Amino acid sequence: MLRKTSATPSRHRHAIAGVALALLVAALGLVVPAAASGAADVPEAAPAAVSRLGTSGNRIVDAAGDPVQLRGVSVLAPRHNAECPECDPRPIADVIDMTVSDGWQSDVVRLPVTIWGSLSVEENVERYVDPYVQQAVDLGIYLIVDLHYVADYGSTGVPQSAVSEFWDYVAPLYADVPNVIYEVFNEPIAPASWSSWKAYIQPVVDDIRAVAPETLLLVGSPQWSTFVNQAAADPIAGNGIAYVYHLYPNQGDATAANLDARFGDAAEQIPVFLTEFGWNPPGEFSDPTVTVGTTSGWGIPLREYLDARPHLSWTAWIFDNYWKPQMFDHDWNLLGGEHQGAMIKAWLADEPYASPCAEHAAVGATAVASSSAGATSGADKAVDGDCTNAGRWLSATGDTTPTLTITLDAPTVVGQLDVYSGYVGGGSVNVLRDFTVEVHTAAGWQQAASFQDNTRGLVSAPGAADAVDQVRLVVTDPSDYTPDVARVFEVAVRTP
């Protein structure tokens, strides 16, 4: 597995034409004479060398033919860095530095490039690509130059000539820079036909290969880059090609059966690179339909799946405080808990990250509900430490005011109560809508919190000053979804 070097990076910006020469000088061990001046020049540290990447079978391999797995993050497209009025923008160069510092250990960074607008391709690349290619060389990491179209293609969408224009300029520019990887078209949507897409993109790949014969190419596919099964059956012609898959919770649970069917089986035949995946709970940091998920219910199972399959490389979406699902809040505070940021950081460092709903004072406690949808969705599911879709209490259809009562093993001082509700892969319509959280002490029942018109999959209520022996949910509006039932992953009882 590739990792960043420990050398302190140089932050000087050079003309990109000098990058290949610098790499050649370093590789050959040549000494560059000092300038003719009275003072001795202090030599600048040579950039950390990276291996040229290619493919063999279903693996990405280095120049020696050894398999590697790239793991990293996507950053914001530089052209959009100051569009969020409530965000604290940081220069993209600083953000890329962050991806390899302070415990982050990305060995690849994906750089989206949006080319619409008044700038020419040359101007766009000079401003928004060149500096970051040089930075990747300085840091000793890989950089994916991602032509970031999210659009139909062909006669009803992006013309092939627009894609060719970009790569005709960019492909030869970095052909001799082993740090650079080309992602040819981020997310083609329709026509939803592999044969149509292959006919459209094959000439572009051929033209790239003519001028950049050794650069690793990442090729997307229709329906937001999800057609890798079709690619496995009928690959693009050419060498050094890996196929892109984009994965979000709206595609279903992160189970082996689901992920195998979507891209895992294909990855046994062809190289597959997940250049986008991500999640956040319902709320301001998640798209309401595509990216809604939790670390417990979706992120951790996905990590287990990918860790068991090192032939799959990945870049998580997105190391940012603006585009969703972001890893930081608007002020660059890392989002943890059921948000993805802290877990992605731990993952890149190969550090454990426990499910936030797996350990709390009510796990295994006695739970009784007014109703349940069936034997596999009873009240005990709300205190089983499992926040996947299989670990939910579901009330019965027709129970318009479902209740859930949890009896703790012993009176407990409670600092906070976390209520997880909804559906992993669903949206805010699935979460509990109107409800109260109540606690029972020696003085009787008291309300801890009330929620109305809720749209969040995780809400928190304060505990009580006295020891609590029971916790109760009283739901007056289960959801905005049909069937209108309560969907509760977990009621987590946190001690101070």
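This report describes an annotated domain, one of its helices, and several pockets and cavities in a predicted model.

## The annotated domain

An unreviewed UniProt entry places the feature "domain: Glycoside hydrolase family" at residues 61-320. Over residues 61-320 the chain is 34% helix and 18% strand, with the end C-alpha atoms lying 29 Å apart.

## Helix α9

Helix α9 spans residues 256-264, and its buried residues are Asn-258, Leu-259, Phe-263 and Gly-264. These four cover an arc of only 150° around the axis, which means that they sit on the same side of α9. The buried residues of α9 pack against α8 (228-233), β11, β12 (272-277) and α10 (295-307).

## The second largest pocket

The second largest pocket holds about 440 Å³ of space, and 20 residues line it, with Glu-187, Trp-224, Tyr-248, Glu-276 and Val-290 nearest its centre. Two elements, α7 (222-225) and β11 (241-247), each give two or more residues to this lining. By class, the lining of the second largest pocket consists of seven nonpolar, eight polar and five charged residues.

## Cavities

A search of the whole structure finds four cavities of 30 Å³ or more. The largest cavity has about 70 Å³ of space, and the residues lining it include Pro-282, Val-292, Ser-421, Tyr-423 and Phe-489. Its lining has six nonpolar and six polar residues, but no charged ones.

The second largest cavity has a volume of about 40 Å³, and among the residues that line it are Leu-76, Cys-84, Cys-87, Asp-88 and Asp-320. In this second largest cavity the lining comprises five nonpolar, two polar and two charged residues.

Technical notes:
Residues are numbered from 1 along each chain as its sequence is written. This is a predicted model: local features need pLDDT of at least 70, side-chain atom pairs count only at pLDDT 80 or more; totals for chains, interfaces and linings use all residues. Side-chain values use heavy atoms; hydrogens and water are left out. On a 1 Å grid over the protein atoms alone, a cavity is a set of points where a 1.4 Å probe fits but cannot get out, and a pocket is an open set with protein on both sides within 12 Å along at least five of seven lines; lining residues have an atom within 4 Å of a point. Grid points are joined across faces, edges and corners, and a volume is the space filled by probe spheres set on the points. Ala, Val, Leu, Ile, Met, Phe, Trp, Tyr, Cys and Pro count as nonpolar, Asp, Glu, Lys and Arg as charged, and the others, Gly among them, as polar. UniProt positions are given in the numbering used here, feature names are shortened, and annotations may be inferred rather than shown by experiment. Buried means under 20% relative accessible area, exposed over 50%, partly exposed in between (1.4 Å probe, protein chains only). The arc is that of the directions from the helix axis to the C-beta atoms. Contact means heavy atoms within 4.5 Å.
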